[in-house]
Amino acid sequence: MAENQYDAIVIGAGPGGTTVASLLANDGKRVLLVDKNSSAGGKMITIHRDGHYYEMFPLNLIPYGPSLFEKLAETIGKADKVRNVAAAFPDDKVIILYHDREGKIHTLDSGDMATFKSLGMSLPDIVKSIAAVVKMLAISASPKKLASLNHISALDYMNSLNIPEITRVFITAAFGEGAFEMSSDKVPASHMIRAFKLGIDRKNHPTPRYYEGGVGGFFTTMAETVPEHGGKILWNTRVQSVNIEDGRAVGITTESGETYTAPLVISNAGIRQTVVKLVGEEHFPKAYAGRIKGLQSNLADVGWRYFTTEKVLPSSTFVYFPYNCLEPWSAFEEMKDGKKKPTSNYIYIGSKSVYPTVSPEGKQVIYAVMSSHPDPEQDLTQYLDYIESKMHLLFPKLFEDGVLERKEVMGLHEVYALGVDKIFDGQGGESYGIANSIGQSDEDRPTCDLPIRGLYCVGNDTEGFGVGTHRATESGFLTYQKITGKQIPV
Ligand SMILES: Cc1cc2nc3c(=O)[nH]c(=O)nc-3n(C[C@H](O)[C@H](O)[C@H](O)COP(=O)(O)OP(=O)(O)OC[C@H]3O[C@@H](n4cnc5c(N)ncnc54)[C@H](O)[C@@H]3O)c2cc1C
């Protein structure tokens with residue numbers, strides 16, 4: 001095989017690209033993996049600075065392990081090369097900080113129903129909440145019942161249940177909006193219910209997970225399969241174009257003008273960038289290109305990253321939510337346009353520094369973020385002020401003398417700098433990519449096989465289910481299956 005000729009070229013070493021590249025390499029294919037970054041993980045790349053490992057938003061990694069991450073490591077024989085450091089802290093908890101109508105903040109342990117008594121819920125309220133949970137679990141087990149909720153929004157579904165306010169708000173905010181980073185008036189109720197099941201399923205997914213070297217470190221280790229099987233990784237290399245000849249993908253050209261050929265080109269660079277910029281919409285059927293250009297982005301996360309000299313958070317994950325925190329998509333547009341200020345939005349607060357080897361002993365790097373519209377050009381001041389005021393209220397220790405070493409903004413420009421390019425006005429900062437919303441999920445979602453022979457798109461924007469990294473990894477498995485015809489059940 002000529003030096004610049006490969007069996008497959010994968011553009012992008014995000015979770016989706018790395019998954020499909022390493023599965024193909026493990027089959028003995030000569031793969032070229034190209035990424036503009038210097039290591040794998042994409043939007044979930046791990047940064048190593050001042051002794052800390054951290055991502056832009058290292059959240060719950062729903063589902064708990066074992067997950068498709070472990071499945072990937074096992075399939076390609078790398079299970080012994082990665083270490084789940086979260087498993088070393090089994091007492092870790094998700095803590096809910098509920099701000100009620102009267103202004104009181106309740107600290108609730110999500111795994112301990114007894115703490116919910118402190119809310120003063122009546123027995124009938126508790127019974128109604130349990131009945132709603134049982135009903136949702138029953139729906140999650142029935143594909144037919146789930147499908148009947150594909151075109152009903154999570155918000156409408158939850159509003160239709162006769163349940164107490166805290167149950168309605170928490171499930172909708174955490175699993176209707178938070179899991180998909182999309183407002184709950186857009187997310188299908190069926191997906192909220194599936195995410196809820198995954199989120200609470202400790203029987204099949206008992207172990208919290210976070211990896212030595214971070215999420216990006218996990219994928220960088222997986223990517224090593226590529227050179228181990230005769231392929232090559234090009235870091236710090238931006239792909240300029242996907243080359244099309246006689247209606248099929250034949251290779252790529254990099255920004256520095258190098259050309260590589262392969263009968264298979266798999267792009268992890270986002271479906272919009274792939275169609276509009278790398279390939280060129282003139283190569284696609286007009287209706288297809290029009291549809292891709294019209295897809296809606298999901299929400300973004302914006303906030304602060306705090307570096308401390310002392311341990312401030314006892315657990316990895318806190319969710320602060322006020323009783324009226326459910327915002328429709330239109331509210332995020334109003335906030336972006338400066339017509340509305342955030343006043344009662346939920347905030348994710350957390351630190352993976354509670355796990356061993358992630359941060360220097362006793363120190364922490366803490367994130368505190370809220371959802372926002374994905375337009376990177378908007379003024380972030382109002383979000384940052386809102387979050388900081390709540391952090392003063394919730395974690396005053398952070399602001400005591402000498403505790404805060406420094407802080408930095410978790411902005412929207414860094415999202416597309418590390419992940420998928422901004423292609424149109426009003427997008428670029430989205431946490432995942434194409435929204436998982438009604439009309440853009442299940443059979444309405446773009447598939448990984450694009451309408452050009454030999455061209456695939458892997459990652460968050462195509463097939464797959466779940467919270468961001470998990471969805472992208474599942475897409476990697478599904479793309480591999482479509483290419484090879486080999487089944488690896490996901
Ligand atoms: C703020 C924030 C919060 C998030 N919260 C969570 C969470 O709590 N849990 C969770 O599971 N997920 C979360 N995610 C989402 C998760 O990071 C994404 O879903 C996931 O990274 C998507 O993976 P992907 O494979 O689609 O590609 P991406 O991660 O988008 O990676 C694409 C890769 O392609 C490369 N690339 C793009 N264009 C080119 C080019 N022209 N040439 C070469 N390389 C290129 C990029 O450098 C990048 O490495 C969050 C993301 C952000 C930003």
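Helix axes here are lines fitted to C-alpha atoms over the stretch in contact, and angles run from 0 to 180 degrees between N-to-C directions. Helices (H or I, at least four residues) are DSSP runs, numbered from the N terminus. The model is predicted: local features need pLDDT of at least 70, side-chain atom pairs count only at pLDDT 80 or more, and totals for chains, interfaces and linings use all residues. Numbering starts from 1 along each chain as its sequence is written.

**Exercise 1.** Work out how helix H6 and helix H7 pack, and which residues meet.

*Solution.* 
- Start with the geometry: H6 (residues 165–178) and H7 (residues 189–200) pack at about 100°, their axes 8 Å apart.
- Now classify: angles under 35 degrees are roughly parallel, over 145 roughly antiparallel, 65 to 115 roughly perpendicular and the rest oblique. H6 and H7 are therefore roughly perpendicular.
- Next, the contacts (C-beta atoms, placed from the backbone, within 7 Å): Ile171, Phe175 and Gly176 of H6 meet Met192, Ala195, Phe196 and Gly199 of H7.
- Finally, sort by class, with Ala, Val, Leu, Ile, Met, Phe, Trp, Tyr, Cys and Pro nonpolar, Asp, Glu, Lys and Arg charged, and the others, Gly among them, polar. The H6–H7 contact has five nonpolar, two polar and no charged residues.

**Exercise 2.** Find the buried residues of helix H2 and what covers them.

*Solution.* 
- In H2 (residues 68–75), Leu68, Phe69, Leu72 and Ala73 qualify.
- Those residues span an arc of only 145° around the axis (using directions from the axis to the C-beta atoms), which puts them on the same side of H2.
- Their cover includes helices H1 (15–26), H8 (214–223) and H15 (468–484).

**Exercise 3.** Describe the shell around the ligand.

*Solution.* 
- Count residues whose C-beta atom, placed from the backbone, lies within 6 Å of the ligand: there are 38, the closest being Gly12, Gly14, Gly42, Gly459 and Gly468.
- H1 and H15 each give at least two residues; the largest share, four residues, is from H15.
- By class, the shell has 16 nonpolar, 16 polar and six charged residues.

Technical notes: A residue is buried if 20 or more other C-beta atoms lie within 10 Å of its own, exposed if 12 or fewer, and partly exposed in between; C-beta atoms are placed from the backbone. Two residues are in contact if their C-beta atoms, placed from the backbone, lie within 7 Å.
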